[in-house]
Amino acid sequence: MAKRSSLFLRIVEGKKLPAKDLTGSSDPYCIVRIDNETIIRTATIWKTLSPFWGEEYNVHLPSTFHSIAFYVMDEDAISRDDVIGKVLIAKDVLTANPKGVDSWMSLSEIDPDEEVQGEIHLRIEICNNGSTSKLRCHVFEARDLARKDLNGASDPFVRVQYNGKTQESSVVKKSCYPRWNEVFDFALDNSVTENTLNVEVWDWDLVSKNDFLGKVAFNVNKLQMIQQKEGWFLLLPDKAKRSETEGALGSLRLQLRLRDESVLPSSYYQPLTELLLQSTTTNNGEEGNLLAMIDELTTTENRQEVATNLVKLFLGQGLAKHFLNFVIKLELDRTTEPNTLFRNNSLASKSMECFLKVAGMQYLHNILGPTINRVFEERKYVELDPNKLEFKEAGCSGLHRCQTEADIIQQSAQCLQSYLTELIEAIVSSVGQCPSVIRATFRDLYRSVGARFPQDRYQNIKYVAVTSFMCLRFFSPAIMSPKLFYLRPKHPDARISRTLLLLAKVIQSIGNMDANEARGKEIWMSPLQHNIQQGVALFKEFIIKLIDIEEDQELDCQKRVALQTSTIKEGYLLMHRAKERGILTSSYFKKHYFCLNCEALCYAKMPNAKNSAYIPLSKIIAIEKVDEKCFGSPYVMQIISTDSRRQFEIMYLQCKNVNELNQWLSSLRKYCVGNKQMLNSYHPGVFKGEKWSCCHQKEKTAPGCDKTHFGVTLQEWNDPLNPDLESHLIFRQLLAIRDMLTQKYLECKGRRDTTVPISSNEGSDTVEIPNKLFQIIQDLEQAHRNFERWETSMNKNMSVELLT
């Protein structure tokens with residue numbers, strides 16, 4: 001059984017933040033850390049105390065994580081960025097709210113005694129020697145301690161306290177991965193009230209006060225029952241102090257949802273998958289049909305998630321077109337007014353929207369990418385609405401004002417017309433680039449709508465049905481928010497955002513297929529009326545060509561969709577290769593173009609270079625971050641691989657920012673996680689001066705001082721489909737609405753007492769779909785209970801073995 005934890009997080013907005021700049025404002029951005037490891041940095045929102053980010057992420061992480069922290073920072077161009085405050089959320093809070101958390105949370109002040117991280121390796125034991133007993137604490141090592149000194153490290157030592165007595169270890173200079181291997185003995189005293197052993201880690205300072213790095217406390221009475229306890233223990237902060245500034249630092253609105261999934265082997269979900277597939281071919285209408293009941297009973301807040309799971313499941317089976325045809329038919333059967341078709345957030349609308357994002361993302365990038373990039377690079381001031389004109393932004397201020405309102409609007413119209421001409425041409429000439437499964441789905445949609453509303457006055461509706469998805473739910477949202485569709489790494493600023501909004505408005509008007517309607521809504525958009533009229537005519541021709549799909553292309557629709565393209569990720573990075581199994585040389589980082597595919601990480605000095613080198617993904621045994629102090633940059637990662645002689649080779653790659661770093665880490669880890677002989681530990685430092693900079697070990701081949709991290713990855717659009725996971729998530733949804741399914745089934749049975757014949761592996765017995773569904777849900781429930789019991793039993797056995 002595969003275990004998987006996923007965290008959905010949305011950083012919505014902030015309010016009432018304190019002013020950090022002389023202008024009375026701030027330039028806020030957020031940093032997200034999982035157990036003190038930075039994984040996300042939002043865009044900076046300039047000159048505001050009430051920023052809106054609206055950034056969404058799905059993070060896959062190990063179930064052993066403890067907390068997630070959101071730090072609000074103020075960006076400064078000259079000095080170090082200021083810390084405004086933070087929100088810390090423990091895993092227990094997320095676990096206690098399975099439906100998720102959506103609320104405003106007050107920022108708290110940063111307390112140095114609470115900013116701890118890392119783990120310490122200890123063995124605590126009771127030593128009996130005749131009539132006397134001793135409490136022994138063996139301190140081995142620590143890892144990933146907080147960096148308190150300006151050199152990017154700490155000088156840690158351990159302070160052990162018991163029964164009013166204190167002993168201290170030696171100081172390890174300049175290391176966040178110290179090794180002590182020291183033993184401390186205390187006379188055991190059972191008469192004390194608080195029989196507690198405290199192990200504290202401190203950073204030694206010559207002049208100033210020592211800095212607290214974390215502590216672990218042990219109940220000695222409980223320890224006497226097991227005699228010995230050994231392992232890695234998480235360092236915890238000192239007792240939290242109540243902040244007097246609570247609420248004075250502003251607040252952050254966050255949406256989070258944590259899910260711990262235990263996915264069973266494929267065979268367990270096969271009956272549910274077959275039942276869902278059969279639902280698209282049954283002719284019993286809405287009564288008793290599983291998909292029809294899901295459509296009716298799914299709540300508005302869950303509909304997007306259910307649609308995503310169903311689309312991915314059917315895509316993986318090569319039957320996405322059949323599923324979409326079915327839910328579209330449900331929508332058409334209950335629609336009487338064609339002008340309201342697909343205007344609500346029904347299962348059909350959400351499914352089509354998700355289908356385009358999943359199956360058409362590469363197509364979207366190819367079509368919109370060049371124009372979007374051009375808008376960002378040129379960064380021109382564009383405005384058509386006279387009420388929103390800003391002469392200062394247009395460069396017309398003071399004595400140098402030489403342009404009138406009409407001049408600026410004319411220049412803006414010419415600029416927008418240039419973008420639109422390029423954009424519309426790219427779309428209408430993209431028939432050959434559009435995936436065949438999308439073309440076949442739009443063809444069936446076009447025909448179904450035409451058959452449902454055959455009247456002459458509704459001849460335009462079948463075109464609108466296609467453009468309502470392609471333009472209004474796909475192209476336009478991607479133009480307005482290119483970051484959410486992976487078209488750009490950052491959100492646009494206010495100037496670029498306005499240009500993109502105006503472009504999206506025109507594409508929406510074209511999608512409505514009514515140029516006259518567009519003219520009446522916003523009169524100031526009239527300079528683009530010709531583009532809208534021309535676009536409507538061109539899009540009609542485009543749709544006719546798009547749905548004219550050949551027979552061989554139709555067969556491609558039956559294949560399982562592979563979302564990952566030949567190139568998973570590419571771009572320029574700075575590279576440095578360590579020689580002689582990890583010895584750092586004095587050579588500089590050099591710029592190379594990297595390209596990651598399913599088989600290798602390739603690199604050369606220029607894109608498409610004939611002479612390129614590569615590392616087979618099968619040879620990679622670790623992908624990890626590097627300590628900031630090693631190269632003076634926090635955005636360096638290391639790729640550890642083996643050569644033909646099975647010797648270690650290390651490549652260091654420097655990225656531009658934390659988001660680029662984590663995207664490369666995520667992509668590499670996803671495609672290397674199944675490799676054999678992956679390292680369990682690594683060195684976050686470099687080998688320099690005859691020792692490792694992290695733990696000071698003097699052997700080049702010494703085992704790593706920190707555990708490797710393969711669990712934390714970011715979800716991306718081209719992640720491989722996982723049919724078992726999608727089936728499991730659908731099962732979870734059905735489990736949540738089981739009572740409503742039962743009630744619905746009883747209502748249907750009261751109206752008609754007929755059965756639906758469906759074939760099964762055992763034969764062609766006539767079985768009612770609801771009865772079979774309830775049996776499948778019950779079987780999956782029982783299978784999960786059995787696996788949980790087995791896992792609990794295994795954990796108990798392992799605990800007994802460790803104690804003995």
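Two strands count as paired here if DSSP finds at least two bridges between them. Strands (E, at least two residues) and helices (H or I, at least four) are DSSP runs, which I number from the N terminus.

**Ground rules**

I am working on a predicted model, where local features need pLDDT of at least 70, side-chain atom pairs count only at pLDDT 80 or more, and totals for chains, interfaces and linings use all residues. Residues are numbered from 1 along each chain as its sequence is written, and side-chain values use heavy atoms, with hydrogens and water left out.

**Entry 1: the strands around E17**

I started with strand E17 (residues 569-578), which makes seven bridges with E18 in an antiparallel pairing. E17 and E23 run antiparallel and are joined by five bridges.

Next I followed E18 onwards. A hairpin of three residues links E18 to E19. Strand E19 (residues 600-604) runs antiparallel to E18, with four bridges between them. One pair I noted is Tyr593 opposite Ala604 in E19.

Then I took the E23 side. Strand E22 (residues 636-642) is antiparallel to E23, and seven bridges join them. Thr642 sits opposite Phe648 in E23. The hairpin of E22 and E23 has five residues between the strands, and Arg646 there takes a positive phi near 65°.

Are E18 and E23 enclosed or open? I checked burial, where buried means under 20% relative accessible area, exposed means over 50%, and partly exposed lies in between (1.4 Å probe, protein chains only). Strand E18 (residues 590-596) has five of its seven residues buried, so the rest of the structure largely encloses it. Strand E23 (residues 648-654) is largely enclosed too, because five of its seven residues are buried.

**Entry 2: the four-stranded sheet**

I moved to an open sheet of four strands, ordered E12-E9-E8-E15 with antiparallel pairing. Its edges are strand E12 (179-187) and strand E15 (228-234), each pairing on one side only. On average, neighbouring strands of this sheet are turned by 15° against each other, direction ignored. The axes behind that angle are lines fitted to C-alpha atoms (for helices over the stretch in contact), with angles running from 0 to 180 degrees between N-to-C directions.

Strand E8 (residues 119-129) pairs with E15 in the antiparallel sense over seven bridges. I picked His121 and found that its bridge partner in E15 is Trp232.

Gly231 also lies in strand E15. I count Gly231 as buried because its relative accessibility is 19%. What does Gly231 touch, leaving out residues up to four places away in sequence? I got Ile120, His121 and Leu122, with contact meaning heavy atoms within 4.5 Å. Gly231 and Ile120 are 111 residues apart along the chain, yet their C-alpha atoms are separated by 8.2 Å.

**Entry 3: cores and H11**

For a nonpolar core I used buried Ala, Val, Leu, Ile, Met, Phe, Trp, Tyr and Cys residues joined through side-chain atoms within 4.5 Å. The largest one has 121 residues, and Leu276, Leu310, Phe355, Phe442, Leu445 and Leu734 have the most contacts inside it. H11 supplies the largest share of this core, 12 residues. A second, separate core has 48 residues, including Trp180, Phe218, Leu223 and Leu679.

I then listed neighbours of Leu276, again skipping residues up to four places away in sequence; among them are Leu290, Ile294, Leu310, Phe314 and Ile730.

H11 itself is mostly covered, with 17 of its 20 residues buried. Where does helix H11 (residues 461-480) bend? I found the bend at Thr467, about 40°, taken as the angle between axes fitted to the seven residues ending there and the seven starting there.

**Entry 4: a loop residue**

Phe391 lies in the loop between helix H8 (361-378) and helix H9 (405-428). I put Phe391 down as partly exposed because its relative accessibility is 23%. Its C-alpha atom is 10.0 Å from that of Tyr381, 10 residues apart along the chain.

**Entry 5: whole-protein numbers**

I finished with the totals: 20 helices and 28 strands. Of the 804 residues, 51% count as buried. Among contacts between residues at least 6 apart in sequence, 69% join residues at least 24 apart. The accessible surface comes to about 39500 Å², with 48% belonging to carbon and sulfur atoms; the areas come from the Shrake-Rupley method with a 1.4 Å probe, and for residues only the protein chains shown count as cover.
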